[in-house]
Amino acid sequence: MAMPKLELRPLGNTGLKVSSVGFGASPLGRVFGPVSEEDAIASVSEAFRLGINFFDTSPYYGGTLSEKVLGKALKALGAPRGEYIVSTKCGRYKEGFDFSADRVTRSIDESLERLQLNYVDILQCHDIEFGSLDQIVNETIPALQKLKEAGKIRFIGITGLPLGIFTYVLDRVPPGTVDVILSYCHYSINDSTLEDLVPYLKSKGVGIISASPLSMGLLTELGPPDWHPASLELKSACQAAAAYCKEKGKSITKLAMQYSLSNKDISTVLVGMNSVKQVKENVAAATELALFGKDQQTLSEVEAILKPVKNQTWPSGIQKS
């Protein structure tokens with residue numbers, strides 16, 4: 001039987017329809033280890049072939065390497081520009097944070113050159129909790145609106161870890177100014193606090209991107225990288241949950257993906273990918289979910305293991321670049 005196509009979901013009021021699984025391109029910047037250019041190009045090509053139409057990067061990932069590699073990979077697709085949606089970011093760089101109007105205005109030109117594109121669909125202010133939120137409201141976003149008028153970007157977004165930053169900004173900008181938010185690590189089996197914000201975001205017409213359904217490696221058999229900021233208690237609970245799944249012949253990664261994908265109010269679940277194998281696994285998680293629904297029994301058992309650490313977050317830290 002034919003596998004169902006990846007579901008396309010509306011992204012807030014933008015008119016864009018994004019694939020339920022989005023391609024996080026930070027691994028293409030070798031943030032999580034070495035990736036050859038061939039592998040990177042093959043991953044993007046396979047993702048596009050399987051119905052992923054949303055690609056997200058940032059100049060910060062790999063100190064501009066992710067954007068350059070993604071640019072090459074998208075060019076290699078040879079697909080019409082309207083068939084894929086590209087999001088990049090501004091304000092966070094290898095050198096540090098700078099949300100000034102001048103810097104973000106220069107930033108988009110640099111990004112477009114690296115991506116080999118004439119415009120990006122979404123430009124997001126990257127990890128705004130490290131800047132001044134009032135500067136974001138009064139200076140950065142107005143500068144991005146000018147870029148929108150100039151046709152260099154189509155939509156404006158904000159990203160970060162603490163959920164309070166989204167309401168702070170959205171309550172202070174004119175309605176319809178911010179089109180999209182990207183939240184990470186707040187809609188996964190161990191932390192579903194993004195759910196509480198969904199009605200508010202929908203009332204503002206804002207599209208919701210949820211990144212890192214695997215909680216930056218917590219919900220994997222391999223476990224998180226050394227620099228992961230979670231508490232030891234949370235790490236060991238996730239390790240126990242992963243071991244439990246493995247014992248039952250299940251994959252915690254697939255379970256985590258399906259958990260995040262089953263909330264239709266979230267437009268796209270963004271997951272980092274750097275190999276054809278990972279792309280196939282992530283798309284399979286989505287197509288199996290569409291065909292058979294989620295594995296509620298294993299999910300309930302894993303939720304029971306993680307209950308003592310549920311919604312335990314960590315402070316925003318500068319991740320190892």
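Q: Which residues form one aromatic cluster?
A: F97, F99 and F130 form it. Rings of Phe, Tyr and Trp (its six-membered ring) pair if their centres lie within 6.5 Å. Planes under 30 degrees apart count as stacked, over 60 as edge-to-face and the rest as tilted. This is a predicted model, so local features need pLDDT of at least 70 and side-chain atom pairs pLDDT 80 or more, while totals for chains, interfaces and linings use all residues. Residues are numbered from 1 along each chain as its sequence is written, and side-chain values use heavy atoms, with hydrogens and water left out.

Q: How many aromatic pairs does a search of the whole structure find?
A: Six. One of them joins F97 and F130. Their centres are 4.8 Å apart, with 25 degrees between the planes, and the pair is stacked. F97 belongs to strand β7 (residues 96–97), and F130 to the loop between β8 and α4 (133–149), so the pair ties together parts 33 residues apart in sequence. Helices (H or I, at least four residues) and strands (E, at least two) are DSSP runs, numbered from the N terminus.

Q: Are F97 and F130 buried, exposed or partly exposed?
A: Buried means under 20% relative accessible area, exposed over 50%, and partly exposed in between (1.4 Å probe, protein chains only). F97 has 28% relative accessibility, so F97 counts as partly exposed. F130 has 27%, so F130 is partly exposed too.

Q: Why is the pair of Y187 and Y259 stacked?
A: The ring centres of Y187 and Y259 are 5.4 Å apart and the planes meet at 25 degrees, so the pair counts as stacked. Y187 is in the loop between β10 (180–184) and α6 (194–203), and Y259 is in helix α8 (residues 252–261). The two are 72 residues apart. Both Y187 and Y259 are buried.

Q: Which ring does the charged end of R81 sit over?
A: A charge sits over a ring if NZ of Lys or CZ of Arg is within 6 Å of the ring centre and within 35 degrees of the ring normal. R81 sits over Y119, 4.2 Å from the ring centre. R172 lies over the face of Y168, at 3.5 Å.

Q: In what order do the eight strands close into a barrel?
A: Strands of a sheet pair through backbone hydrogen bonds, either parallel or antiparallel. Two strands pair if DSSP finds at least two bridges between them. Here the order is β3-β4-β5-β8-β9-β10-β11-β12, and the pairing is parallel.

Q: How many bridges pair β11 and β12?
A: Three, between β11 (residues 207–211) and β12 (residues 268–272). A211 stands opposite L270 in β12.
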